[in-house]
Amino acid sequence: MLFLKFFPIFATILLCVAITVYESTIPLSWKETLLGISMTLKNILMSTIPFVIFSSIYKAFSKIAAESITFIFIILLAIVTSNFLAVTFSGVIGYSFFTSSAGDVLQEISSNESLRPAFIVPMMCTISNGTAFLLSILCVCFGKLSIKRKWYIILNTLIVRVITYMGKACLFFLRNVFFQLLPLFVGGFVMKLVYEKTFYNLVRFSGKFLVVSGISITCYLLVMFGGTLLLNSLRNWKKNLAGTIMPAITAFCTMSSLAALPFTIRNVENGTRNKELCIASANATVTTHMVGDAVFIPLLAIAILSANGAIMPSCFSYMLFTVWFVLTKFSGAGVPGGTIIVMIPVLEHYLCFDETLSMMITMLYIVLDPLITACSVFANNIFILYLDKVFSLIKKRKAVSEY
């Protein structure tokens, strides 16, 4: 059952291996057609992403807004701060270890002939991601005005209904259409990478990235876990660590943080004092607070830019990328590899990625997805312990002020 559920992932990997081995025997017209299909799917995806962001962010913020405003603000601020710190940390590591000198590894591709698509279906004109984000916030604020007028009730009901159907349609497209066509989406760009002799050099270069990223995420998670020793007595560290193991293993095997959520909730029930608030936080952060994504994706992006000899983004550009990365994290696509799919427009706009670079990072992300998801779930279980401490302090302060 698990194999069938993630068949597109396995099929994508097998297709990439087949393309790598048999590329020289495939007719050029087939290669161009496959690349055309991939670019068409990419344009369709890019046209859909603003609606995914709009519906997902509206759903996330409207759910949070149903609880106490104090705890809403705390959870939201904590998610944004944690993701921001992780992306910033990743940027520091990336700029420190992947310099422009690494460009020699992949520079040899510049003299090779490029593969062109047999056809291109243009992207539909839709709203930008930034506009989609702002509109979703405005709709949430509009829904909380609570005006006792018939026109307001009718209009708000209509907005909620339209956004609900839009969210279902986007989720259906991502899960049942795009995700099922993932082998074709990735296959065409892998064909381009192999044809242009980029793929083999990328594999050679990925060794350094795996070492740097592995050490970086391990250190980051150790620091996060070490901080919990300041919140609780030292005798609880084994209990805190043990509680994170099963959710992380589940996430690694299923490539889904949602699949690990029941184990996370059980861990929260056994290891926190503010159980109801922490369970609500676990549900709110399961797809929005992803430390693995926040560390791996920027680091992978910088490594790929450096390996291709591209101009590295300025500090200002990277800060803009960080802000939009953090905001876009509220629009989880809900499928394996969904984060990188949603992040492609952000990478292209702020880090100047093109189609080839976007497919490089997509391919490598899919391969590393089990590890990235496991790191995110591990970090999220630790993150709940910090929130539990904050909730306790606020409740204690409220009790003292009321007394």
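## Ground rules and overall picture

A residue is called buried when its relative accessible area is under 20%, exposed when that area is over 50%, and partly exposed in between, using a 1.4 Å probe and protein chains only. By that rule aspartate 293, at 1% relative accessibility, counts as buried, and we will come back to this residue below. This is a predicted model, in which local features need pLDDT of at least 70 and side-chain atom pairs count only at pLDDT 80 or more, while totals for chains, interfaces and linings use all residues. Residues are numbered from 1 along each chain as its sequence is written, and side-chain values use heavy atoms, with hydrogens and water left out.

The protein has 15 helices and zero strands; both are DSSP runs numbered from the N terminus, with helices being H or I of at least four residues and strands E of at least two. Of its 403 residues, 51% are buried. Contact means heavy atoms within 4.5 Å, and among contacts with a separation of 6 or more, 85% join residues 24 or more positions apart.

## The nonpolar core

In soluble globular proteins, nonpolar side chains tend to be buried together. A nonpolar core here is a set of buried Ala, Val, Leu, Ile, Met, Phe, Trp, Tyr and Cys residues joined through side-chain atoms within 4.5 Å. The largest one has 104 residues, and Phe185, Phe321 and Ile361 have the most contacts inside it. Helix H15, residues 355-402, gives the most to this core, with 20 residues.

Leaving out residues up to four places away in sequence, Phe321 touches Val87, Pro298, Val346, Leu347, Tyr350 and Leu351.

## Two salt bridges

A salt bridge is a side-chain nitrogen of Lys or Arg within 4 Å of a carboxyl oxygen of Asp or Glu, and the structure holds two of them. One joins the side chains of aspartate 293 and lysine 329 at 3.3 Å, N to O. This pair links distant parts of the chain, 36 residues apart: aspartate 293 belongs to helix H12 (residues 291-307), and lysine 329 to the loop between helix H13 (315-328) and helix H14 (338-350). Lysine 329 is buried, with a relative accessible area of 3%. In the other bridge, lysine 31 meets glutamate 23 at 2.6 Å, N to O. Lysine 31 is buried at 6% relative accessibility, and glutamate 23 is buried at 9%.

Lysine 329 also turns up among the contacts of asparagine 83, together with Thr288, His289, Met290, Ala294 and Val326, when residues up to four places away in sequence are not counted. Asparagine 83 sits in helix H4, residues 69-97, and counts as buried at 0% relative accessibility.

## Helices with a buried face

In helix H10 (residues 261-271), the buried residues are Leu261, Thr264, Asn267 and Val268. Seen down the axis, they fall within an arc of 115°, so they line one face of H10; the arc is that of the directions from the helix axis to the C-beta atoms. Pro262, Arg266 and Asn270 are exposed on the face turned away from the buried side of H10.

Helix H11 (residues 275-285) buries Leu277, Cys278, Ser281, Ala282 and Thr285. Their arc around the axis is only 140°, which puts them on the same side of H11.

Cysteine 139 lies in helix H5, residues 129-143, and is buried with a relative accessible area of 16%. Apart from neighbours within four places in sequence, cysteine 139 contacts Phe54, Tyr58, Ile159 and Ile163. Cysteine 352, by contrast, is exposed at 62%. Cysteine 352 is in the loop between H14 and H15 and has a positive phi of about 60° although it is not a glycine.

Valine 162 is in helix H6, residues 150-178, and is partly exposed at 41% relative accessibility.
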